[in-house]
Amino acid sequence: TSVFEAVREAYDAVYDDAKRQAYLNSLNKPATTAPGGAKGAKSANDAGELFKKGEAHFKKREYAIAEEHFLKAHEADPRGLYLAAAGWAIYMDPSRKSEAARAKKLLADALKLDPQCDRAHYQLGVIARVDQELDRAEKHFRDAVRANPKHLEANQELRLIDMRKKKDSKKGFFR
């Protein structure tokens, strides 16, 4: 799942023109800040760097370290994306299954901060699917696609749901 998530994020960054441009801009910007009122820009840059570090640790399956970076990124720049990433790091950590409720709360809090956070919707959809709450899973996947029509995994999940519904309706017809 973590590999699939990393591939999806890389694909999103390359496929979406705005995200690709933002990524390219972040690579080209110097790490200096202007004197005076640039604290907000510095915090946002710091948050972006912390988030990237968290992603790197997540990919190495160092979930606790990743969570720390995501939460620090959220402290520097309170974005729903960072909370969603922290919640997902907790949820994916096999040694922290007892903290699933906390992970879900962080994801829900991410949606309160940013109702259009496709990552939070997708991840809550995956959790709902794992919990066999298929209607709720479908709703989150649809919300993820509404927020980002190019969200690869959410679109795949919706196609699978639609295929299952068609298959189930055909079974019902011949009973």
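Mentor: The chain holds nine helices and zero strands, where helices (H or I, at least four residues) and strands (E, at least two) are DSSP runs numbered from the N terminus. Read from the N terminus on, the order of the elements is α-α-α-α-α-α-α-α-α. This is a predicted model, in which local features need pLDDT of at least 70 and side-chain atom pairs count only at pLDDT 80 or more, while totals for chains, interfaces and linings use all residues. Residues are numbered from 1 along each chain as its sequence is written, and side-chain values use heavy atoms, with hydrogens and water left out.

Of the 175 residues in the chain, 39% are buried, meaning under 20% relative accessible area, with exposed set at over 50% and partly exposed in between (1.4 Å probe, protein chains only). When contacts (heavy atoms within 4.5 Å) are taken between residues at least 6 apart in sequence, 51% of them join residues at least 24 apart.

Against that background, consider α7, which covers residues 118-130. The 13 residues of α7 should span 18 Å at 1.5 Å a residue, and this agrees with its end C-alpha atoms, which are 18 Å apart; the expected span is 1.5 Å times one less than the number of residues. Because 11 of its 13 residues are buried, α7 is largely enclosed by the rest of the structure. The buried residues of α7 are D118, R119, A120, H121, Y122, Q123, L124, G125, V126, I127 and A128.

One partner of α7 is helix α6, residues 100-113, whose axis lies 9 Å from that of α7, the two packing at an angle of about 145 degrees. Here axes are lines fitted to C-alpha atoms, for helices over the stretch in contact, and angles run from 0 to 180 degrees between N-to-C directions. The crossing of α6 past α7 is left-handed, which is to say that the near helix is turned anticlockwise from the far one by less than a right angle, clockwise being right-handed. From α6, the residues K104, L107, A108, A110 and L111 meet A120, H121, Q123, L124 and I127 of α7. Sorted by type, the residues of this contact comprise seven nonpolar, two polar and one charged (Ala, Val, Leu, Ile, Met, Phe, Trp, Tyr, Cys and Pro count as nonpolar, Asp, Glu, Lys and Arg as charged, and the others, Gly among them, as polar).

Just after α7, the backbone at Q132 takes a positive phi of about 65 degrees, although Q132 is not a glycine. Q132 sits in the loop between α7 and α8 (134-147), and with a relative accessible area of 62% it counts as exposed. Elsewhere in the chain, R61 also has a positive phi of about 65 degrees without being a glycine; R61 belongs to the loop between α3 (39-59) and α4 (63-76), and its relative accessible area of 54% makes it exposed.
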